[in-house]
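Please read these notes with the structure open beside you.

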Amino acid sequence: MIIDTHAHLDFKDYRDDIDEVIERAGEVGVEYMINVGTTVASSIKSIELAKQYEQIYASIGIHPNEASKVSGEVWSRLEALAGGNKVVAIGETGLDYYRDRSKKEDQKRLFRQHIELSLQHNLPVIIHNREASDDCLEIVREYNGKVKGVVHCFAGTVEDAEEFLTLGFHISFAGPITFPKADNLREALKAVPVERLLLETDCPFLAPQPKRGKRNEPSYLQYTIPVLAELYKLSVEDIKRVTALSAKNLFGIGTVNTKGEIAYVIRNSLYLNITSRCSNRCVFCSRETAPYVKGYYLGLKEDPTVEELIDAIGDPSGYDEVVFCGFGESTERMDVLTSVAGYLKEKGVTVRLDTNGLGDLINGRSICEELKGLIDTICISLNTNIEEDYQKLCHSEFDGKAYPALISFIKKARDNIPDVMVSIVGMPGIDVEGCRKIAEELGVRFRVREYNNVG
Ligand SMILES: [Zn+2]
């Protein structure tokens, strides 16, 4: 479940052993590779590789270093390749002011031509940017948010990363993210939500630390992924799954599972998705638009039964905790919640419930006593310290009754559940300190969740 989104296997470096290189990639779990063209000839070779190997897809483009050599005739030869059925991206394109092999004006013209071609075919662009962030961003902005794609082998600043992310781009880092001295890259990576990260080798270049200086190849992602996992405080499996889903969605390759998961692992916790119903429609929730969490699809066509949940849980003993979470509100199904939590407690598992805190209104009775002994930690979404703002953020079906009921629920939770935490989503306009004060007054723990970061 690994996708190398940037490889140059058409280069002569692989002339003698490409089959072995591809085989080794498969052995470490590389599912797909995107071979990225740098000239018309290399784009043609990329397409040939894609025809020859099921797991290879092609991107076609002319590297900015070549820009001054590109005539109208050369460009039309590239354009003619764009409709091919395994052509999934346009590039690599962009601007390279570091090597300065082509005039800036030629590079800019060629970059715009690539973007226009990508729009015609509704394909993402693969951007190469070296010391040209301002101009790259300016050109992308001319297209009013219509361009999608990835900034590959990212080497810019934190601010550059933020700008590209705002424009909807993905970002990938090659082997240098593993180099001991690459603190600047690791700093930039912090700005990139893992959902917007892609994996790449840029092979034959930029092999990761243990193979540094050698010819790179897709299987060497096995050395880069653990470094990324560490930086994101996720597991190796999490990084593979999340980045593979992003690559599949961006490039339209492979199959994406749209059967909602009911039990899913992140880090070493098991999460349970017991319903898609919720009494709130929060502005920051993507339940209805893109119900993905860390590479899992959570949209449920039907809510699972207790038996289905227990079956999906398997042996729960190895997990740090089991969490009732998902995009729905677990207290909408108190019977299922208490049955499954009871089963888990019998097995000695630590159980957490993430809730909107409106369970009393949902059920028309006080529910905290029913959770006593079944839930070890409860994490309640406070969302705001201002009663009038709650409805604007959460669009609760209980309207003005919601916030007072939420506060009273927190108090009852504190009296019945050993560990109580309230959380907010750190969005612009939220008074974090005001919320923290409420938590302190209520005598419960406080957590700020990152905006756009679930799970
Ligand atoms: Zn490249």
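1. Terms for helices. Helices (H or I, at least four residues) and strands (E, at least two) are DSSP runs, numbered from the N terminus. The expected span of a helix is 1.5 Å times one less than its number of residues.

2. Basis. This is a predicted model, in which local features need pLDDT of at least 70 and side-chain atom pairs count only at pLDDT 80 or more, while totals for chains, interfaces and linings use all residues. Residues are numbered from 1 along each chain as its sequence is written, and side-chain values use heavy atoms, with hydrogens and water left out.

3. Helix α11. This helix covers residues 334-346, which is 13 residues. From the first C-alpha to the last it reaches 18 Å, close to the expected 18 Å. Its buried residues (under 20% relative accessible area; exposed is over 50%, partly exposed in between; 1.4 Å probe, protein chains only) are M334, V336, L337, V340, A341, G342, Y343 and L344. These residues pack against several elements, among them the strands β10 (269-272), β13 (321-324) and β14 (351-355). Helices α10 (306-313), α12 (359-363) and α13 (368-371) are also packed against them. After α11 comes G348, with a positive phi near 80°.

4. Helix α9. What span should the 16 residues of α9 have at 1.5 Å a residue? The helix, residues 236-251, should span 22 Å, and its end C-alpha atoms are 22 Å apart, which agrees. Of its 16 residues, 13 are buried, so α9 is largely enclosed by the rest of the structure. Just after α9, G252 has a positive phi of about 65°.

5. Salt bridges. Side chains of opposite charge can pair when their charged atoms come close. The rule used here asks for a side-chain nitrogen of Lys or Arg within 4 Å of a carboxyl oxygen of Asp or Glu. By this rule there are 30 salt bridges.

6. D106 and K103 form a salt bridge at 3.9 Å, N to O. D106 is buried at 16% relative accessible area, whereas K103 is exposed at 60%. R215 and E217 form another, at 3.5 Å; R215 is partly exposed at 25% and E217 is buried at 2%. D389 and K392 pair at 3.3 Å. These two are 3 residues apart in helix α14 (residues 387-394), which means about one helical turn separates them. D389 is partly exposed at 23%, and K392 is exposed at 58%. Salt bridges with shared partners also join D17, R24, R215 and E217 into one network.

7. Nonpolar cores. A nonpolar core is a set of buried Ala, Val, Leu, Ile, Met, Phe, Trp, Tyr and Cys residues joined through side-chain atoms within 4.5 Å. The largest has 81 residues, and L9, F169, I171, F173 and I239 touch the most other members. Helix α8 (residues 221-232) gives the most to this core, with 5 residues. Where does this core lie relative to domain 1 and domain 2? Domain 1 (2-251) and domain 2 (263-450) both give residues to the core, so it lies between them; the domain bounds come from an automatic or database domain assignment.

8. I239 and the second core. Contact means heavy atoms within 4.5 Å. Leaving aside neighbours within four places in sequence, I239 is in contact with V194, L199, I225, L228, A229, Y232 and L234. A second, separate core has 56 residues, including I274, V351, I367 and I424.
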